[in-house]
Amino acid sequence: MAKVTIDGIEIEVPDGTTILNAARMIGGKTAPPAMCYYSKLKQTGGYCRTCLVKVAAGSTKDPRPMPKLVVSCSTPVQDGMVVQNMTSPEVLEARKGVVEFLLINHPLDCPICDQAGECKLQDLGYEHGLEKTRYEFGRRKFEMIDIGDKIKLTMTRCILCYRCVRVAEQLTDKRVHGVMNRGDVAEISTYIQNIVGNDFSGNVIDVCPVGALTDRTFRFKSRIWNVKPMDAHRDCKKCCGKAIVWYQGEEILKVSARKDQNDEVENFICNECRFDKKKTADWVIEKPTHIDDKSVIAQNHYEHLKELKMGHAHLVKKLPESNQPEQK
Ligand code: SF4
């Protein structure tokens, strides 16, 4: 075990734990943002630089500070290490620079983007972004691409985090998706628009931190803060069958995987659950989804009985005692 202090909070973690995961164990603002690292996928991290932190003391044996900021998603902790995230002005300044770089080519089209309200870059922009860009050149331009009949790629929004590539590599049986070219001409490609028809290809939508990969069955139907998420499950032979169904009135507009406290998918779901099961009768509705996210997605939702009565109480057959919301 190693003792590490992050933003003044000491925690003991197993040897080999990365700084990011140690900070996530503390939680809250102590955990640096991460746009490319994804704990549920292998070989992620190291691309986006948003999780940079300062190591003020390397270890008990060698307490010298590290000379440069380090990438917390791939730097393991050492016993006695002292790390600064939100308490370091240097880190906050660097993060501003990273956000500015990420936004060099990313269009500010949040008003028409389906990811708005649950976009990690939008959150980063609000917290660390500049009010205007210093970039004088035109942004990269791409045609929109249909990846099959269910997924839309808006490459102009892509920040090349590689998460979707890892989903294609690790969850589907045939990878027909990857990053072509390098530098400012790099782009996500399906090799001449081959259709990604794998059973788990829809998960690229959930892991994409921005609105580059969106669900064509949900595009432009509603804003995320206007739809009501409910935990639901079904008996599925291909996946765990546990999902979130997003209601507008009586209609399920979209189905997505459930996410954990780090806003990462808990269990990847199959395309049948995601795209083909859009009727209430397809699902056993459990309870309103708890959204633990600082983004706009957390607005306009409800987990209280009073609101349930006005909303979808008729869909919830019986809440377990432990899930009974407080009466207000
Ligand atoms: S499309 Fe989305 S998930 Fe894929 S590399 Fe671009 S930003 Fe990342």
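Start by selecting Ala-212, which is buried in this predicted model. It counts as buried because 25 other C-beta atoms lie within 10 Å, and the cut-off is 20 or more. Ala-212 belongs to the loop between α5 (203–207) and β10 (213–215), so colour those two elements as well if you like.

Next, show the surroundings of Ala-212. Leaving aside residues up to four places away in sequence, Ala-212 touches Leu-153, Thr-154, Met-155, Arg-157 and Cys-158.

From here, move to the open sheet. Its five strands run in the order β2-β1-β5-β3-β4, and their pairing is mixed. Select β2 (9–13) and β4 (70–71) to see the edges: each has a single partner strand, so one side of each is left without a neighbour in the sheet.

Then pick β1 (residues 2–6) together with β5 (residues 81–84). These two strands pair in the parallel sense, over three bridges.

Keep β5 in view and select helix α2 (residues 89–105). Helix α2 packs on the sheet, where it touches β3 and β5, and its direction makes about 160° with that of β3.

The last stop is helix α1 (residues 19–26). Helix α1 lies across β1, β2, β3 (52–57) and β5. Turn the view to compare its direction with that of β2: helix α1 runs at about 115° to that strand.

Note on methods
Residues are numbered from 1 along each chain as its sequence is written. This is a predicted model: local features need pLDDT of at least 70, side-chain atom pairs count only at pLDDT 80 or more; totals for chains, interfaces and linings use all residues. Two strands pair if DSSP finds at least two bridges between them. Helices (H or I, at least four residues) and strands (E, at least two) are DSSP runs, numbered from the N terminus. Two residues are in contact if their C-beta atoms, placed from the backbone, lie within 7 Å. Axes are lines fitted to C-alpha atoms, for helices over the stretch in contact, and angles run from 0 to 180 degrees between N-to-C directions. A residue is buried if 20 or more other C-beta atoms lie within 10 Å of its own, exposed if 12 or fewer, and partly exposed in between; C-beta atoms are placed from the backbone.
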